[in-house]
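Here is a short briefing to read beside the sequence and the model. It moves from the whole chain to single residues.

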Amino acid sequence: MGLALLTPAMVHYQQTGPILQQRQQVLDVAYQLHPERFVRQVPKQPEVPTEVWINKPLNLEIKPQ
């Protein structure tokens, strides 16, 4: 899910907390009003990843010269 449906700026400037809380409240209300629409489980926001790579290096260890 990439950045949990957030923009890179939201994640970089640590604005994710209030945004994800608001989204979860909307999901909770939607579930309460129409639980039949959520057949597998109660809806939950994806977690924000701790790191994101385009091309992750094979070895992150820095070797002494």
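A residue is called buried under 20% relative accessible area, exposed over 50%, and partly exposed in between, using a 1.4 Å probe and protein chains only. By that rule A4, at 1% relative accessibility, counts as buried. The model is predicted: local features need pLDDT of at least 70, side-chain atom pairs count only at pLDDT 80 or more, and totals for chains, interfaces and linings use all residues. Residues are numbered from 1 along each chain as its sequence is written, and side-chain values use heavy atoms, with hydrogens and water left out.

**Whole chain**

- The protein chain has two helices and zero strands. Helices (H or I, at least four residues) and strands (E, at least two) are DSSP runs, numbered from the N terminus.
- Of the 65 residues in the protein chain, 12% are buried.
- The protein chain exposes about 6200 Å². Carbon and sulfur atoms supply 56% of that area. Accessible areas come from the Shrake-Rupley method with a 1.4 Å probe; for residues, only the protein chains shown count as cover.
- Contact means heavy atoms within 4.5 Å. Take the contacts in the protein chain between residues at least 6 apart in sequence: 39% of them join residues at least 24 apart.

**Helix α2**

- Helix α2 covers residues 16–33. It has 18 residues and reaches 26 Å from its first C-alpha to its last. That is close to the 26 Å expected at 1.5 Å a residue; the expected span is 1.5 Å times one less than the number of residues.
- Which residues of α2 are buried? They are T16, L20 and Q24.
- Seen down the axis of α2, these buried residues fall within an arc of 55°, so they line one face of the helix. The arc is that of the directions from the helix axis to the C-beta atoms.
- An α-helix has 3.6 residues a turn, so residues three or four places apart point the same way.
- The buried residues of α2 pack against α1, which spans 8–12.
- On the other side of α2, the exposed residues are P18, Q21, Q22, Q25, V26, Q32 and L33.

**T16**

- T16 sits in helix α2. Its relative accessible area is 16%, so T16 is buried.
- What does T16 touch, leaving aside its neighbours within four places in sequence? T16 is in contact with L6, M10, V11 and V48.

**The segment before α1**

- G2 lies in the segment before α1. It is exposed because its relative accessibility is 57%.
- The C-alpha atoms of G2 and E47 are separated by 9.9 Å, although the two residues are 45 residues apart along the chain.
- L3 also belongs to the segment before α1. Its relative accessibility is 17%, so L3 counts as buried.
- Neighbours within four places in sequence aside, L3 is in contact with P8, V11, P49 and V52.
- L3 and V52 are 49 residues apart along the chain, and their C-alpha atoms are separated by 8.0 Å.
- A4 is placed in the segment before α1.

**Positive phi**

- Phi of A4 is near 60°, a positive value in a residue other than glycine.
- Q14 is in the loop between α1 and α2. Its phi is near 55°, again a positive value in a residue other than glycine.
- Is Q14 buried or exposed? Q14 counts as exposed because its relative accessibility is 70%.
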